[in-house]
Amino acid sequence: MNEISALNLLDEKLQILNQTKLPLVEEYILTDDLERICESIEKLEVRGAPAIGIAAAYGFALSFKLKSELNDNFIMQVYSRLAKTRPTAKNLFFAIDRMLKVAKKSNQSNIYHNLIEEAIKIHKEDIEMCNKMGENGIEIFKKKSIVLTHCNTGSLATGGSGTALSVIKTAFYNNLIEMVFVDETRPLLQGSRLTAFELEKVGIPFKIIVDSAASHTILTQNVDLVITGADRIASNGDSANKIGTYNLAISCNYHKIPFYIAAPSSTIDSQIKNGKGIIIEERSNSEITSLNGNEITKSKYNTFSPAFDVTPNSLISGIITEKQVFRFPYKFV
Ligand code: MRU
C-alpha cells in the first residue's frame, strides 16, 4: 500500500507534512516547539480531526522535553494553548485530556517519558481504529459501487489509513469500488488537493467535482452511496463535519441513497446530548476572498465562513466506528 503519513515522531521532534502546499509541493516541518505545532494546527498545515489530536498529543509531550522545573501552571498553560487552536474536533480534546491526566500523575523525573509514551499510544490506537473502521465498513457495500465523498478523511487526516477513506480503500481492495466522486471542498480544497492526491497514490479511480455539482452527480451518475468523516458526534448521533456535509445528507435522503459517516470513538462526545452543543469554528474572510494568496474578490466584502456543519442523526444511515456500524437511534455504548 502506498500510504502517505501526515505526522511522524523523528529524533524527538514532530515531523508534519505541510498540507497547505499539497499536492504540488511535498514539504515537511520539523519542530519540537509548542507554539509552532499550535500554529500548524491553526493554519491547517496539519488537519483532520484524528491527526489534530495526535499532533496536539505530541506537542503536549515535547513541551516537557527541556523543562527542568515541573509546575502545575506550566502544565495548564500547555493544555490551554492547545485547547484554543481549533474548537470543533473532539479528537483534539480527547487527546489533550488524556495527556493532562498523565502529566498530573507524573513527577519531574518521568513526566517527559510518560507523556511521549502516551502520545505514541494515542497515535498507535488511531492506526488500529482506522484499520478496524475499514473492515467494519465493508458491510455497507451491497455491490461494486460508485461513491461520493467530501473533504479529506484519509491518511492525511488521521494517524493511519483514514476514516471514510479507510472504508473506501478497504472496499476497493475487496473489489467493491468502481469510482469515487470527490467534492473539491471549498474554501480550502481538501477534496481536490488532498483526497485526489491520496486516491491517486493508491490507484483508486476518481473524478473531482465542484461542491455545487454534488446533487446533480447523485441524480445523474448512479452514485450508490455517500460516505464522509466527522469531527464531533453528539450522543444522539448528530454529526459535525466539513461544511457542505449537511447538504450531501439532505441530497442523499431526497434521492433515497444511503449517507454514512465513519469516525473513531475518539470523535464521539458523550458529554453533549445533540448537535446544538457542538461549537462550530468560523474561519477568516480571506479564506473565501482569496485563493492561494491571490484575491478573487474584494477582500473588504463580508463573509460567513463556518468550517463545519451538523448533520442531524435522522439523515445518517449508519455511523461506522472501530467497534461496529451503529444505526439510528444511535446509542454508542
Ligand atoms: O478543516 P479540516 O480539514 O480539519 O476538516 C476535516 C474534516 O472535516 C474531516 O472530514 C474530519 O476531520 C473527519 S476525517 C478524519
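Lys and Arg count as positive and Asp and Glu as negative, while His and the chain ends are left out. The place of a charge is NZ of Lys, CZ of Arg, CG of Asp or CD of Glu. This is a predicted model, where local features need pLDDT of at least 70 and side-chain atom pairs count only at pLDDT 80 or more, though totals for chains, interfaces and linings use all residues. Residues are numbered from 1 along each chain as its sequence is written, and side-chain values use heavy atoms, with hydrogens and water left out.

Q: How far apart are the mean positions of the positive and negative charges of the chain?
A: Let's start with the counts: the chain has 37 positive and 37 negative charges.

Q: What radius of gyration does the chain have?
A: This value is taken over C-alpha atoms, and the globule rule is 2.2 Å times the number of residues to the power 0.38. With 333 residues, a compact globule would come out near 20 Å. The chain agrees with that, at 19 Å.

Q: Which residue in β2 stands opposite Leu-10?
A: Strands (E, at least two residues) and helices (H or I, at least four) are DSSP runs, numbered from the N terminus. Two strands pair if DSSP finds at least two bridges between them, and β1 (residues 7-10) and β2 (residues 13-17) have 4, in the antiparallel sense. They form a hairpin with 2 residues between them, and Asp-11 in the turn has a positive phi of about 50°. Across from Leu-10 you'll find Lys-13.

Q: Which strands stand at the edges of the open sheet, and why is one side of each left without a neighbour?
A: The sheet has 7 strands in the order β6-β5-β4-β7-β10-β15-β16, with mixed pairing. Each edge strand has a single partner strand, so one side of it has no neighbour in the sheet; the two are β6 (206-209) and β16.

Q: Which residue in β6 is the bridge partner of Val-180?
A: Strand β5 (residues 177-183) and β6 run parallel, joined by 4 bridges. In β6, the partner of Val-180 is Phe-206.

Q: Is Arg-327 buried, partly exposed or exposed?
A: You'll find Arg-327 in the segment after β16 (325-326). Buried means under 20% relative accessible area, exposed over 50%, and partly exposed in between (1.4 Å probe, protein chains only). Arg-327 has 37% relative accessibility, so the label is partly exposed.
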